[in-house]
Amino acid sequence: MMTLQGVSKTFSNGTLALEDISTTIARGEFVALLGPSGCGKSTLLRLLADLESPSTGAITWAEGPPKPGEIGFVFQDATLMPWASAAENVFLPLKLRGQSRAAALPQVTAALSQVGLADFSAAKPAALSGGMKMRVSIARALVSQPKLLLMDEPFAALDEFTRHKLQEDLRTLWRRSGKTVIFVTHSIYEAAYLATRILVMSPRPGRIAAEIASTVAEATDRRTAPDYIDLVKKISGILRAVMPA
Amino acid sequence: MNKTMERAAPFLFGIIGLGLWQAAVWGTGIPVYVLPGPIAIVQAYAGDFATLNQAFVSTLSVAAAALLVSAALGVLLALAMAASALLRAAIQPWAVILQVTPVVAIAPLIIIWVNQPFLALVVCATVVAFFPVLSNTAAGLAATPRDLLDLFRLNGATRLQTLFLLRLPAALPYFLAGLRVSGTLALVGAVVAEFVAGSGGFASGLAFRILEAGYRLEIARMFAALMLLAFAGIAIYGALGLLSHLMLRRREI
């Protein structure tokens with residue numbers, strides 16, 4: 001899908017946020033960017049979305065650089081427009097590309113059903129729980145049918161029950177749709193549960209410290225499966241080895 | 001029970017206060033040209049009903065017109081300031097200078113320059129009132145959530161789309177808060193302008209009636225005009241509160 005070659009990012013205040021990031025991400029992968037706060041993982045996501053440009057190095061896209069709407073982005077907060085209903089919020093990416101409300105309605109409804117909120121299309125964000133707001137946010141990212149989904153710690157602010165449910169739903173969605181997902185997280189468990197490949201990042205400057213392919217089998221009881229627990233242990237061991245004291 | 005008591009409390013308090021006031025006036029025999037009691041004030045109002053009401057409408061119109069102009073001017077300037085850092089640097093100090101210069105000092109000039117009396121009063125009141133709308137709207141436009149701006153960029157939004165679908169709606173609560181402050185200030189500006197215009201012989205509005213009643217030592221009539229002025233203030237404040245409630249209901253912010 002895309003290749004990063006020696007990508008570095010220095011901010012205008014002189015901070016070196018990312019140094020020499022090189023990796024290739026294939027179509028249909030679920031990649032977790034795992035690391036502590038301040039390791040530049042969100043910056044890396046913003047570079048991929050072209051919200052920032054790399055200071056050095058290059059990102060090359062197998063099928064040419066993505067056009068507006070070809071990337072779905074989910075932020076840490078739901079970032080919904082509080083004055084608009086769930087359906088209006090989901091409609092936004094299509095509206096910005098000039099689609100009429102009537103023409104977009106089937107897609108909006110489909111996106112809301114995909115996240116289990118078909119009955120809440122008229123609800124304003126104020127009337128929704130934290131988990132439901134995040135679902136609307138995910139529906140908004142899905143509505144333009146992007147091939148690539150970039151997610152920046154989307155479940156970090158949710159309670160554990162809601163988080164588990166959304167993680168399960170996200171995995172199901174990924175398996176059904178075959179989208180490429182790049183998921184930023186600081187949770188070892190989340191990375192191990194969701195991803196097919198985990199890029200461990202170390203801070204100051206941010207670099208890829210290790211790369212782990214997941215061999216956890218598809219199973220309904222993934223969270224208690226021995227290979228999942230082994231993966232968690234393996235990542236923990238690597239983290240201890242690569243993180244500065 | 002508690003709720004109804006709470007609602008009734010300000011009225012009860014007012015009635016008790018008025019009662020005590022009237023009792024004090026009767027008890028001490030203080031002359032009406034020093035301190036009239038509530039009854040004398042109501043009598044003065046009834047005795048000059050048409051003139052005072054006309055003055056009330058006149059002052060309220062000046063304040064309302066100034067508020068409308070302030071809202072339009074404030075939003076336009078805030079948009080200009082949000083659109084370009086250069087315009088922001090150019091406008092901001094002048095807006096502040098206009099705001100910190102006491103209107104009493106500028107009012108005579110404006111009244112000389114602007115020949116049409118109503119227009120002159122509106123200009124004075126606008127000078128006083130427009131700043132809160134400007135500064136609040138500018139703050140609201142600057143505080144657009146960064147993530148939402150990124151989302152608009154990711155989806156290839158044009159500048160106009162970002163303005164109308166995101167920045168203006170996001171700034172609405174700020175604008176409305178500014179408008180409520182401006183509403184009160186518009187009345188202050190109208191009163192000050194009327195005082196200045198009134199001492200120049202131009203008869204209009206409640207402030208002029210207060211001035212006139214003062215010259216004639218009709219203190220009860222002065223109080224009646226003052227009471228109407230308070231009503232005008234409450235009307236503006238209440239109307240803007242209602243407007244903001246209607247526009248913001250079912251929003252988080």
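Trainee: Quick one to start: is Leu229(B) buried or exposed?
Mentor: Leu229(B) is buried, because 22 other C-beta atoms lie within 10 Å and 20 or more is the cut-off for that label. Keep in mind that this is a predicted model.

Trainee: Thanks! Which helix is Leu229(B) in?
Mentor: Leu229(B) sits in helix H10 of chain B, residues 219-248.

Trainee: And what is Leu229(B) in contact with, leaving aside its neighbours within four places in sequence?
Mentor: With those set aside, Leu229(B) is in contact with Val191(B) and Leu206(B).

Trainee: How far apart are Leu229(B) and Gly214(B) in space?
Mentor: They are 15 Å apart, C-alpha to C-alpha, with a separation of 15 residues in sequence.

Trainee: Changing topic to the two chains. How many residues of chain B are in contact with chain A?
Mentor: On the chain B side there are 17 residues, and they are in contact with 18 residues of chain A. Helices H7 (146-154) and H8 (159-199) of chain B each supply at least two residues of the side that touches chain A. The largest share, seven residues, comes from H7(B).

Trainee: Now over to H7 of chain A. What span should that helix have?
Mentor: H7(A) runs over residues 226-242, which is 17 residues, so at 1.5 Å a residue the helix should span 24 Å. Its end C-alpha atoms are 24 Å apart, in agreement with that.

Trainee: Nice. Which residues of H7(A) are buried?
Mentor: Tyr228(A), Leu231(A) and Ile235(A) are the buried ones. Seen down the helix axis, the buried residues fall within an arc of 55°, so they line one face of H7(A).

Trainee: What about the other side of H7(A)?
Mentor: There you'll find exposed residues: Pro226(A), Lys233(A), Ser236(A), Gly237(A), Arg240(A) and Ala241(A).

Trainee: And what covers the buried residues of H7(A)?
Mentor: The cover includes helix H6 (188-194), strand S8 (197-202) and strand S9 (207-213), which belong to chain A.

Trainee: How do S8(A) and S9(A) pair, parallel or antiparallel?
Mentor: They are antiparallel, with six bridges between them. As one example, Ile198(A) has Ile212(A) in S9(A) as its bridge partner.

Trainee: What's in the turn between S8(A) and S9(A)?
Mentor: The two strands form a hairpin with four residues between them. Have a look at Arg204(A) in that turn, where phi is positive at about 45°.

Definitions and conventions
Residues are numbered from 1 along each chain as its sequence is written. Chains are lettered from A and ligands numbered from 1 in the order in which they are written. This is a predicted model: local features need pLDDT of at least 70, side-chain atom pairs count only at pLDDT 80 or more; totals for chains, interfaces and linings use all residues. Two residues are in contact if their C-beta atoms, placed from the backbone, lie within 7 Å. The expected span of a helix is 1.5 Å times one less than its number of residues. A residue is buried if 20 or more other C-beta atoms lie within 10 Å of its own, exposed if 12 or fewer, and partly exposed in between; C-beta atoms are placed from the backbone. The arc is that of the directions from the helix axis to the C-beta atoms. Two strands pair if DSSP finds at least two bridges between them.
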